[in-house]
Amino acid sequence: MAIRSTQRDGIRIVVAGDTATGKSSLILTAASENFPAKAPPVLPPTRLPADLFPDRVQIIIIDTPAGVEHTNKRAEEFQRADAVVLTYACDRPETLDNLRSYWLPELRRLEVKVPVIVVGCKLDLRDDQPQVSLEQVMSPIMQQFREIETCIECSAFRLIQIPEVFYYAQKAVLHPTAPLFDQETQTLRPQCVRGLKRIFILCDLDRDGALSDAELNEFQVKCFNAPLQPSEIVGVKRVVQEKLAEGVNDRGLTLRGFLFLHALFIEKGRLETTWTVLRKFGYNNDIRLDDDFLPPSFKRAPDQSVELTNVALDFLRGTFSMYDNDNAGAIRPADVDDLFSTAPDCPWSQSPYMGAALTNDLGALTLNGFLSEWVLMTLLEPAKSVEYLKYIMYGGDAASAIRLTRKRRTDRKKRQSERNVYQCFVFGPKKAGKTALLDGFLRRPFAEASTPNAEERYAVNVVDGIAGSQKFLVLREIPEAKVKNLLSDKESLATCDVALFVYDSTDESSFKKTAKLLAEVAGHGEDTGYEVPSLIVSAKDDLDSYTTSIQDSTRLSQDMGIDAPVPISARLGDFSDIFRRIVTTAEHPHLSIPETEAGKSRKQYLRLVNRSLMAVSVGAAVGIAGLAAYRVYAARRNSSS
C-alpha cells in the first residue's frame with residue numbers, strides 16, 4: 001500500500017536521458033542557483049533543502065550515466081525512484097526521438113510505476129526560427145505513454161524554469177494526477193468519485209443530501225485548519241451554481257456540486273487541494289484507506305478464525321434496512337452497487353463471493369444472504385472486511401467489528417465450540433453431487449445437467465444450532481483434482497470444522513474414490529494434529545443404488561469409527577437435515593473423528609508405551625520404598641548393637 005505524503009522523509013528523483021542533454025547542469029543549477037562553468041559527467045546524490053517548496057519535503061536527486069554499459073546501474077536506480085525526470089536537448093531533436101524509442105519503453109520494460117517528468121534542456125540553444133509548440137510536440141507522446149505527468153522546457157544557462165522542474169516532479173509524487181483525473185476524458189476517475197462521495201456523506205451530518213453552510217465550514221476546518229468566511233461560502237456556491245445548476249439547492253452544496261468543485265480544482269492545477277481532503281479522511285495514493293485507518297495485523301494460530309462481532313452484525317442489519325427501500329426483505333444488485341459506491345469497488349462481484357449467498361427468485365440478496373456475504377469475507381479476508389465496513393460508514397474501530405475465536409484444538413479438548421461461523425470442506429469425486437448439495441443449501445433449483453466445478457466454490461447460509469441458536473455455515477467445495485494440492489499444506493485442515501464426503505450412491509467407483517479421499521484426509525489430520533470431525537453423504541438417493549452399496553458404506557463407517565452415510569436427494573429437495581447435522585457435529589468437535597488403520601496402530605502403540613512407563617514408574621517407586629525401609633532397619637540394628 002502506498003505511503004501517505006505526510007509520512008515521507010524525502011523524495012527520490014532519478015534523472016536520466018541521452019548523453020550531453022544537460023542532466024548534470026540541470027541538477028547543479030537547481031542546487032546552487034548558478035550555472036556551472038564545467039559539470040562532471042555524473043554527479044553524486046544531490047539534496048535540495050526541504051524548505052525550497054511549500055510541501056517542505058526534502059528532495060534527493062540521483063544523476064545517472066547514459067551509456068549502455070550502465071544499464072543495470074540505471075535499472076537499480078529506477079526501481080528505487082519516487083519519480084523519474086527524462087531529459088532531452090532542445091537543440092537536438094534526435095534526443096527527443098530517443099525518449100519515445102528507448103527511454104520510455106525501458107521504464108515500462110522494468111515495470112517502473114512512478115510519475116515521469118519530461119524535460120527539454122538547453123532551451124537557450126534552440127534555433128530562433130518559429131517552433132512548433134511544446135504541447136503539439138508532446139501530445140502524441142503523452143497519449144502513448146500515460147505515465148508522463150507533465151512536460152517542461154528549461155535553460156540552466158539562463159536560469160529559466162530550473163526550480164519548476166523539481167517542483168513538478170515533487171508535486172507529481174505528493175499530488176499525482178493519474179489517480180484523480182482522466183486527462184483524455186477530462187473527468188474525475190471513478191475511484192476518486194467513490195472516495196469523495198464517502199467524504200461527502202460523512203460530512204453531511206443531517207443526512208439531507210447537501211452540505212449546509214455550517215457543514216461546509218466544519219469540513220473546511222477539518223481539512224485546512226481554517227474556517228470559511230460567510231462571503232467565501234457564498235462565492236463557492238455561486239461558482240458552482242453558474243456552471244452546474246443542480247450543484248446547489250436550498251439546503252446547500254449537493255454531491256454533484258461537491259464533485260464539480262474538485263474537478264475544477266484539478267483542472268486549474270490545484271491537485272493538492274483534493275489530495276489534502278482525501279488524506280485528511282485517511283486515503284492513500286491509491287485512493288484506498290491508509291493502514292493507519294485499518295486494523296493492525298494480528299497474529300493468530302492456524303486453527304483460529306475471525307468472526308464479526310454482534311456490534312458489526314447489528315450495524316449491517318441496520319444498513320440492510322436502509323437499502324431495502326420497498327421492505328421486500330431483499331436488496332437488489334443495483335442496491336448493492338449503490339451501497340458500495342463509496343468503496344473502491346463491489347467486493348462481491350468476483351469469486352469467491354459472487355453467487356455464494358442466498359438470494360430470492362429475482363436475484364436480490366435476502367438479509368441472511370447479505371450477512372452471509374460479510375461473514376464469508378471476514379472468514380477469508382478479515383482485513384478487507386473491516387476496510388469495506390469503513391467504506392460503508394461503519395463508525396467503530398476494528399476491535400469493535402471483529403473477534404478472534406478460540407483454537408479448534410482447544411474446542412476439542414473442552415468438547416464444545418462457541419463459534420458462530422463453521423466451515424465445512426466438501427470432498428468427493430466428479431459427478432458425486434457436491435455442486436447440487438451447495439445449490440440446495442442456497443435453495444436453488446436442481447439442475448439436471450451440470451458441469452463439474454474445476455475451481456473451489458463457497459456457499460454460506462444460516463442454520464439453526466443448539467437450543468435454537470443461529471449459526472453461519474460455510475460450505476467449501478473442493479474439486480477432486482484440487483485435493484492433492486490442498487493436502488500438500490500441513491495446515492490445510494486447520495481452518496476446517498467438519499469434513500463432508502459425498503459419493504454417488506448409484507456408482508460403485510464413486511464410493512471407492514470417496515472412501516479413498518476419506519482415508520487421505522483423515523490420515524493427513526492424524527499426521528498434522530488437525531483431526532477433523534467427518535460425515536459421509538450418500539447422494540442421489542432417489543435412484544437405485546449399486547448392489548453392495550449398503551454393505552460397503554456400513555463397513556466403511558464402522559472401520560473409520562464415524563456415523564453411517566446420510567442419504568440425500570438433491571433432485572427431490574430431500575437433504576435429510578444434513579446442514580443442521582453438520583452444525584451439530586461442529587458444535588461437538590471431539591466426536592465423529594475418523595481413524596485410519598495407521599492412526600489406530602499409533603494410538604495403540606502410545607497406550608502400550610504409556611502403560612510401560614507407568615509400570616516402570618511403579619517399579620521404581622517400590623524399589624525406592626524398599627531401599628528406604630532397608631536403611632531404617634539397618635539404622636535401628638546399628639543403634640541396638
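Where does Phe166 sit? Phe166 is placed in helix H5, which spans residues 162-174. Helices (H or I, at least four residues) and strands (E, at least two) are taken here as DSSP runs, numbered from the N terminus. With a relative accessible area of 0%, Phe166 counts as buried. The cut-offs behind that word are simple: buried is under 20% relative accessible area, exposed is over 50%, and partly exposed is in between, with a 1.4 Å probe and protein chains only. Across the chain, Phe166 and Ile59 are 107 residues apart, with 8.2 Å between their C-alpha atoms.

A word on the basis of all this. The model is predicted, so local features need pLDDT of at least 70 and side-chain atom pairs count only at pLDDT 80 or more, while totals for chains, interfaces and linings use all residues. Residues are numbered from 1 along each chain as its sequence is written, and side-chain values use heavy atoms, with hydrogens and water left out.

Next come the charged pairs. Side chains of opposite charge can pair when their charged atoms come close. The structure holds 34 salt bridges, a salt bridge being a side-chain nitrogen of Lys or Arg within 4 Å of a carboxyl oxygen of Asp or Glu. One of them joins the side chains of Arg251 and Asp208, at 3.8 Å from N to O. Arg251 lies in the loop between strand E10 (248-249) and strand E11 (252-254), and Asp208 in the loop between helix H6 (190-203) and strand E9 (210-211), so this pair ties together parts that are 43 residues apart in sequence. Arg251 is partly exposed at 41% relative accessibility, and Asp208 is also partly exposed, at 23%.

Another salt bridge pairs Lys540 with Asp504, and here the closest N and O atoms are 3.2 Å apart. Because Lys540 belongs to the loop between strand E20 (534-539) and helix H20 (549-560) while Asp504 belongs to strand E19, the pair ties together parts 36 residues apart in sequence. Lys540 is partly exposed, with a relative accessible area of 27%, whereas Asp504 is buried, at 7%. Tyr546 is found in the loop between E20 and H20 and counts as buried, at 9% relative accessibility.

Elsewhere, salt bridges that share partners join Arg406, Arg408, Asp411, Arg419 and Asp497 into one network.

Arg476 lies in strand E18 (residues 470-477) and is buried, at 12% relative accessibility. Its side chain and that of Tyr458 are joined by a polar contact of 3.4 Å. A polar contact is a pair of N or O atoms within 3.5 Å; within protein, one must be able to donate a hydrogen and the other to accept it, and residues adjacent in sequence count only if both atoms are side-chain atoms.

Most residues other than glycine have a negative phi, and most peptide bonds are trans. The bond from Ser351 to Pro352, however, is cis, with omega near 5°; Pro352 is placed in the loop between helix H12 (333-339) and strand E14 (365-366). Met393 is not a glycine, yet its phi is positive, near 85°. Met393 sits in the loop between helix H14 (382-391) and helix H15 (398-401), and is partly exposed at 21% relative accessible area. Lys431, also not a glycine, has a positive phi of about 65°. Its place is the loop between strand E16 (421-427) and helix H17 (434-441), and at 63% relative accessibility Lys431 is exposed.

Finally, Lys490 is found in the loop between helix H18 (483-487) and strand E19 (498-504), and is exposed at 56% relative accessibility.
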